[in-house]
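Have the viewer open as you read.

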Amino acid sequence: MRLNWRQSSRSQDRLEKTIAQQHEKRVLTGDVVPAGPCPDDDFLRMLARRSSRIALTDPRVDHAASCPKCMERLLALRQKYRQRCRMWMIAGIIAALLLVCVAIAFLSQHQIL
Amino acid sequence: MPPTGRVGQERKWSSVYPTGNAASDEKLEAAGQASWSYASLCAWTYLNDGDAAHDLMDHAIENASRYIARHPERPADKLTARIKSVIRRRANQLATKNGRELPSGLLVDLEHLLVAQPDAEQRAYMNELIDRLSPFASSVLKWRWLGYSWREIAKHLEMDHTAVRRAYFREIESLLHCLSRSGDLPQCD
């Protein structure tokens with residue numbers, strides 16, 4: 001069977017999102033039994049940042065994606081991480097705008113423009 | 001294998017699409033006979049459906065009859081080559097069309113189900129789907145939920161990212177297909 005990715009990729013993305021949401025619901029309601037002990041907070045923090053130091057075969061990764069406690073913590077950390085990223089982005093944009101303003105002021109003062 | 005019609009009788013290609021010229025009809029008949037086995041081969045190879053050989057031949061003979069009516073001087077071997085080329089192109093087109101319709105259709109069906117069905121039914125359907133995932137697909141689902149990209153997952157699996165994505169969705173398509181056929185569920189495991 002040949003798949004036409006251009007035509008069906010949107011459907012696939014939506015399907016994937018729905019499946020991921022359902023997986024999240026199942027885990028949070030305790031329908032999935034996690035294997036092994038819960039990892040520490042540092043590991044979850046690295047996982048929320050998708051650190052390259054974490055191997056996907058690590059059993060703690062599998063546990064974190066199927067334990068309600070770890071999943072809740074991961075969701076909170078992920079939101080925090082996203083907020084921080086957004087803040088840095090806004091700060092970067094403001095800094096860039098300030099730099100442009102300063103450059104324009106400097107150039108106009110020296111009558112270069 | 002001699003060409004036979006859908007009801008089993010021997011088929012005369014030139015009588016289906018006559019050119020109005022006895023010599024051209026003869027050439028068309030000979031080329032049709034020579035191309036039949038190729039049509040059968042293409043029907044199985046591209047479409048996995050032996051009966052599709054008749055449709056491929058109909059299409060090719062219609063094309064060839066117009067061609068020989070325009071160029072009656074062309075020899076039979078040229079006509080055979082043309083018929084074979086048309087058969088191959090048509091089989092390829094149909095295979096592409098089928099490949100596009102099947103996955104999209106299943107996904108669209110699922111989307112309709114997700115919109116139309118009550119929440120409890122949706123949940124049961126999705127739970128059934130997730131429970132039936134293979135260890136590979138189950139791991140991919142978890143990694144994707146964790147936010148890893150297809151490229152990161154593929155790098156870990158030492159595969160091409162399109163191959164991983166294709167394998168994952170192919171499994172989901174196959175499960176959706178199984179779940180949509182009531183009564184066949186045990187066979188899908």
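## Model and overall layout

This is a predicted model, in which local features need pLDDT of at least 70, side-chain atom pairs count only at pLDDT 80 or more, and totals for chains, interfaces and linings use all residues. Residues are numbered from 1 along each chain as its sequence is written, while chains are lettered from A and ligands numbered from 1 in the order in which they are written.

Chain A has 4 helices and 0 strands; helices are DSSP runs of H or I with at least four residues, strands are runs of E with at least two, and numbering starts at the N terminus. Of the 113 residues in chain A, 16% are buried, which requires 20 or more other C-beta atoms within 10 Å of a residue's own, with C-beta atoms placed from the backbone.

## Helix 4

Helix 4 of chain A has 42 residues and spans 61 Å from first C-alpha to last, close to the 62 Å expected at 1.5 Å a residue; that expectation is 1.5 Å times one less than the number of residues. The number buried is 3 of 42, so helix 4 of chain A lies largely in the open. Those buried residues are Cys70(A), Met71(A) and Leu74(A). After helix 4 of chain A comes Gln111(A), with a positive phi near 50°.

## Helix 2 against helix 4

The axes of helix 2 (residues 41–48) of chain A and helix 4 (residues 68–109) of chain A come within 9 Å and cross at roughly 55°; axes are lines fitted to C-alpha atoms over the stretch in contact, with angles from 0 to 180 degrees between N-to-C directions.

Definitions and conventions:
A residue is buried if 20 or more other C-beta atoms lie within 10 Å of its own, exposed if 12 or fewer, and partly exposed in between; C-beta atoms are placed from the backbone.
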